[in-house]
Amino acid sequence: MLNQAICKYLPTTIQSNRSIPNPKLTSLLIRKFANLHDLLSDTVNLYNYCYSPKAIFIAASYFGLTLFSWFGLIHAFTASTDVTTLRMSVANVVYDCFFLVLFGLLVSFSCLVNRECRRTAILLHKVVCYGSFDRRTTKQLRCFSQQLWHQLPKVSSRLFDFEWELFYHTSGALATYLVILIQFDLGNINYKRLPQGIL
């Protein structure tokens, strides 16, 4: 909503021929935008402070449960195990899918918030470049723009940012550790149960 208000009241494109109101109203409008962005930054920082331990716990639980549930399923299919062990392995993978959805939602919504915060900084840079203001308003806009450029609010824990790169790195680490566990389990594989095409 803040980005939409900036686009509505301030020039953010080269082609915008919007008439600029008097400098006092423009300065007041920029101060309101700055106050709103400051409140947004405080909200994001409060969310990071309150929920970063829970988010780290979710990420660690997701990693551990996914690793061992998929390894258990592979072990149950390839080793000489009974039907109960196989059913428990399948149930663990199903429960792991809930953690996967929760972690994916956390990362995707965090990416949306981070992207909109970056877009606010880009819009303010465009307002500075494309608008024609008096000297005082231009100085105020440049200070606000530099503040946004150097201190963007970002949803993160204190160890890592919740971006899609975290999801990709976690998936790569899961695949690596899963291959290591399967290599340690080669002695328990019942090769008669494997399809002939794999051998």
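I checked Ile 189 first: its relative accessibility is 17%, so Ile 189 counts as buried (buried is under 20% relative accessible area, exposed over 50%, partly exposed in between, with a 1.4 Å probe and protein chains only). I find Ile 189 in the segment after helix H5 (164-184); helices here are DSSP runs of H or I, at least four residues, numbered from the N terminus. Its C-alpha atom is separated by 4.6 Å from that of Ala 79, 110 residues apart along the chain.

A note on the source: this is a predicted model, where local features need pLDDT of at least 70, side-chain atom pairs count only at pLDDT 80 or more, and totals for chains, interfaces and linings use all residues. Residues are numbered from 1 along each chain as its sequence is written, and side-chain values use heavy atoms, with hydrogens and water left out.

Next I looked up the cores (sets of buried Ala, Val, Leu, Ile, Met, Phe, Trp, Tyr and Cys residues joined through side-chain atoms within 4.5 Å). The largest nonpolar core has 16 residues, and Tyr 62, Phe 103 and Phe 162 have the most contacts inside it. H2, H3 and H5 each give two or more residues to this core, with the largest share, 6 residues, coming from H2.

I then listed contacts (heavy atoms within 4.5 Å) for Phe 103. Leaving aside neighbours within four places in sequence, Phe 103 touches Ala 59, Tyr 62, Leu 166, Phe 167 and Thr 170. Another core, of 15 residues, lies apart from that one and has Ala 5 and Ile 6 among its members.
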